[in-house]
Amino acid sequence: MRHGVVSAAALAVGVVLAAGLAQAAEEPRLTAALGDAVFKLIDVAPKVTRVVVDDATVFEDRDSALVTFVNAYTIDGRWMLLLKAESGAKDCPARFRVLELSAPKPRVSLPFGSCSDTAEVSTDGGVLTVSMPVPAATETAAWTYRDGRVARTR
């Protein structure tokens, strides 16, 4: 099953997004209610984005120019978010992370990707697979997320 952007059907199952520019430090740039959890992206300072779930910081990115929400997915009743860390660098514009909300406590994967800022996501057999082109090549690379771990599969 392939997923693109959050659809009207996804909105009907509880995805509520509120986005805007942060007007003051600690004000969320993005808030999403997913299942029983509330996810926030907060720009703390230039190149510092805090990822918050239910008012607890689960990750703070201090390297990227911008962290953005790509999409939300449910796999076997678990909510997973794909996040993109944009570097602003020409040679490697983006890396990705998976944030799993439905674990005993929220968890964030290690960064992964081919440096492409374009990703396709599929869900099958309890696994989230993120595929993307390899810059300057004709091949496609793919990573799977399962049980808190990311592994390159091609």
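Mentor: Phe96, Phe112 and Trp143 form one aromatic cluster. The model is predicted, so local features need pLDDT of at least 70 and side-chain atom pairs count only at pLDDT 80 or more, whereas totals for chains, interfaces and linings use all residues. Residues are numbered from 1 along each chain as its sequence is written, and side-chain values use heavy atoms, with hydrogens and water left out.

Across the whole structure, a search finds three aromatic pairs; rings of Phe, Tyr and Trp (its six-membered ring) pair if their centres lie within 6.5 Å, and their planes count as stacked under 30 degrees apart, edge-to-face over 60 and tilted otherwise. One of the pairs joins Phe96 and Phe112, which are tilted, with 6.4 Å from centre to centre and 35° between the planes. This pair links distant parts of the chain, 16 residues apart: Phe96 belongs to strand β9 (residues 94-100), while Phe112 sits in the loop between β10 (107-108) and β11 (120-124). Strands here are DSSP runs (E, at least two residues), numbered from the N terminus. Phe96 is buried at 2% relative accessible area, and Phe112 is buried at 4%; buried means under 20% (1.4 Å probe, protein chains only).

Phe112 also pairs with Trp143, again tilted, at 5.9 Å centre to centre and 40° between the planes. Here the partners are 31 residues apart, Trp143 lying in strand β13 (residues 140-146). Trp143 is buried as well, its relative accessible area being 8%.

Notes: Helices (H or I, at least four residues) and strands (E, at least two) are DSSP runs, numbered from the N terminus. Buried means under 20% relative accessible area, exposed over 50%, partly exposed in between (1.4 Å probe, protein chains only).
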